[in-house]
Amino acid sequence: MSSPTDQQPAALETLRRVFGYDAFRGFQQEVIEHVTAGGDALVLMPTGGGKSLCYQIPALLRDGVAVVVSPLIALMQDQVDALTAVGVRAGFLNSTLDVDARRAVERAFVARELDLLYLAPEALGTRGVQHLLDQGRISLFAIDEAHCVSQWGHDFRPDYLALSMLHERWPGVPRIALTATATSATRAEISTRLQLTSARHFVASFDRPNIQYRIAAKREPKRQLLALLRDEHPGDAGIIYCLSRATVEKTAEFLVDNGVTALPYHAGLDAVTRARHQQRFLREDGVVMVATIAFGMGIDKPDVRFVAHLDLPKSVEGYYQETGRAGRDGLPATAWLAYGLTDVVQQRRLIDTSEGDPAHRRNLATHLEAMLALCETVRCRRAQLLDYFGETAPACGNCDTCLQPPESWDGTIAAQKLLSTIYRLDRERSQRFGAGHCVDILLGRATDKIQQHRHDSLTVFGIGTDLSEAEWRGVVRQLLAEGLLAVEGDYGTLALTDTSAEVLGRRRTVMLRREPARKARPAKPRGA
Ligand code: ADP
Ligand code: ZN
């Protein structure tokens with residue numbers, strides 16, 4: 001074991017000789033020294049920050065074999081190949097191996113002929129693997145994607161909960177947990193659940209200055225997307241996230257029909273197709289992956305030039321992680337999200353109808369509200385995003401609100417009109433009405449449904465002709481985002497909340513964001 005004074009040269013020497021890099025990035029060196037000396041560490045670094053070296057170099061400097069726990073079974077082969085290519089002795093054990101290959105890796109582990117052994121979390125729970133680990137010498141445990149232990153996150157893996165036993169069973173072995181999920185809540189949860197209470201925390205800045213954040217009003221999402229690809233990212237590799245498998249398929253088809261090399265990726269495709277699409281995305285230039293959030297964790301493709309969301313992410317954590325897959329090479333990249341009223345209604349409904357106890361639903365709602373606040377903000381998007389992760393930052397000059405500051409307007413009267421409409425409808429308890437119907441009433445449209453329910457005789461009928469339909473939908477969306485309005489039940493019925501009364505009683509003003517005027521496109525008629 002090296003002493004503290006000669007560690008730095010050893011770490012730096014290894015970085016240069018084995019990995020071929022000149023210098024450490026950020027606090028890599030501090031983490032490496034701490035873990036090499038036997039300390040526990042919790043490392044929070046954005047995607048692309050260089051987390052892997054934080055355990056790979058200690059693995060080379062310490063005696064024995066480093067055990068790396070990773071949920072990314074599909075990527076283990078790639079990780080091991082990359083290490084083998086630079087002369088590091090690495091192997092993995094997971095369900096994809098046949099008996100002979102597994103035996104060979106096990107033998108190498110016991111004989112200490114490996115520097116790193118990658119394991120799936122579920123493997124650690126088995127007696128066979130625990131017995132194997134007892135027979136070898138473990139230099140350290142690295143727990144990658146440690147946020148998977150968080151039950152609130154969308155990457156939750158129940159097998160991660162059992163990882164607290166590492167500390168009990170092998171108390172003398174240092175542990176390093178790593179994640180790109182940054183909130184202090186997640187950090188605290190990782191600490192507790194993995195029993196990392198005495199670990200040193202290394203928290204990097206989560207700013208990704210080369211990513212330009214943009215959130216656009218959703219009009220014709222596929223057309224808007226195509227314009228983005230054609231105008232700004234022709235021939236570039238990118239990822240497009242959609243909520244449902246059906247939207248993934250339709251969007252990929254649409255792009256292919258329009259000459260884009262696009263591939264679908266979702267959990268409904270068979271494993272062979274998924275692997276093939278992933279390989280093409282990684283190896284070929286300019287492939288656009290249209291995917292559900294099942295795609296992307298651990299994908300190390302440096303030149304992803306854009307990440308587009310056609311549906312609203314469920315949380316700022318998810319949004320940050322997904323957009324973080326853009327521009328890992330540090331060159332300019334775009335994070336673009338199309339967001340509309342339907343997204344809010346849909347997400348609220350998903351939460352209301354979700355399984356789980358009220359506390360869980362409340363938690364989901366809180367996460368969604370933070371995401372909505374990011375969409376509706378008139379502040380710098382980056383400043384708001386970093387704020388969410390506990391960092392303060394000045395306006396960035398490289399996001400849509402900085403580049404084209406949105407105006408805000410006093411929407412108190414509009415909000416009162418809308419809320420009164422909902423109040424009147426709410427009294428007809430037998431019937432429930434959604435946003436579209438409310439807007440029709442405000443605009444004074446005598447639709448069949450309105451005539452059928454005699455809503456043309458309501459006093460609020462036609463009192464909102466000063467705003468357009470799009471503007472009214474904006475009002476609904478923003479009131480939902482602020483919690484001044486709620487969505488109930490399976491049909492997206494609008495309902496008043498406890499705070500609605502403050503607006504109706506004129507005790508509260510409502511400032512709303514005016515959408516930046518739509519860029520004129522000469523080829524198309526206005527409003528198309
Ligand atoms: P993360 O796991 O944090 O997303 P990685 O460990 O995959 O990031 O590293 C991202 C990229 O940066 C990789 O291609 C890696 O080889 C490279 N990298 C990491 N550390 C350094 C460094 N000190 N100098 C140069 N490149 C580095
Ligand atoms: Zn900005």
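A crossing of two helices is called right-handed if the near helix is turned clockwise from the far one by less than a right angle, and left-handed if the turn is anticlockwise. With that in hand, meet α15 and α16, whose crossing is right-handed. Keep in mind that you're looking at a predicted model.

**Helices α15 and α16**

- Helix α15 covers residues 341-352 and helix α16 covers residues 358-376; they pack at an angle of about 165°, and their axes are 9 Å apart.
- Angles over 145 degrees count as roughly antiparallel, so α15 and α16 are roughly antiparallel to each other.
- On the α15 side, V344, Q347 and I351 make the contact, while α16 brings in R361, L364, A365, L368 and L372.
- Sort the residues of this α15 and α16 contact by class and you get six nonpolar, one polar and one charged.

**Helices α20 and α22**

- Here's another pair to find: helix α20 (residues 435-442) and helix α22 (residues 469-481), with axes that come within 10 Å and cross at roughly 130°.
- That angle makes α20 and α22 oblique to each other.
- The crossing in which α20 passes α22 is right-handed.
- Look for A435, V439 and L442 on α20, and for E469, W472, R473 and V476 on α22, as these residues make the contact.
- In the contact of α20 with α22, five residues are nonpolar, none are polar and two are charged.

**The six-stranded sheet**

- This open sheet has six strands with parallel pairing, and you can read them off in the order β8-β13-β12-β9-β11-β10.
- At the edges stand β8 (211-217) and β10 (262-265); each has a single partner strand, so one side of each is left without a neighbour in the sheet.
- On average, neighbouring strands of this sheet are turned by 15° against each other, if you ignore direction.
- Zoom in on β10 and you'll see that it pairs with strand β11 (residues 288-291) in the parallel sense, over four bridges.
- Within β11, V288 stands opposite A262.
- Helix α13 (residues 271-283) packs on this sheet and touches β10 and β11; the direction of α13 makes about 140° with that of β10.

**The seven-stranded sheet**

- This open sheet has seven strands, again with parallel pairing, in the order β3-β4-β2-β5-β6-β1-β7.
- Its edge strands are β3 (90-93) and β7 (200-203), each with a single partner strand, so each has one side left without a neighbour in the sheet.
- Ignoring direction, neighbouring strands here are turned by 20° against each other on average.
- Strand β4 (residues 116-119) pairs with β3 over four bridges, in the parallel sense.
- If you're looking for the bridge partner of F92, go to Y118 in β4.
- Helix α10 (residues 184-193) packs on this sheet, where it touches β1 (41-44) and β6 (175-179); the direction of α10 makes about 155° with that of β1.
- As a bit of background, strands of a sheet pair through backbone hydrogen bonds, either parallel or antiparallel.

**Around ligand 1**

- There are 13 residues around ligand 1, and Y21, R25, G50, K51 and S52 come nearest.
- By class, the shell around ligand 1 splits into four nonpolar, six polar and three charged residues.

How values were computed: Residues are numbered from 1 along each chain as its sequence is written. Chains are lettered from A and ligands numbered from 1 in the order in which they are written. This is a predicted model: local features need pLDDT of at least 70, side-chain atom pairs count only at pLDDT 80 or more; totals for chains, interfaces and linings use all residues. A residue is near a molecule or strand if its C-beta atom, placed from the backbone, lies within 6 Å of it. Ala, Val, Leu, Ile, Met, Phe, Trp, Tyr, Cys and Pro count as nonpolar, Asp, Glu, Lys and Arg as charged, and the others, Gly among them, as polar. Axes are lines fitted to C-alpha atoms, for helices over the stretch in contact, and angles run from 0 to 180 degrees between N-to-C directions. Helices (H or I, at least four residues) and strands (E, at least two) are DSSP runs, numbered from the N terminus. Angles under 35 degrees count as roughly parallel, over 145 as roughly antiparallel, 65 to 115 as roughly perpendicular and the rest as oblique. Two residues are in contact if their C-beta atoms, placed from the backbone, lie within 7 Å. Two strands pair if DSSP finds at least two bridges between them.
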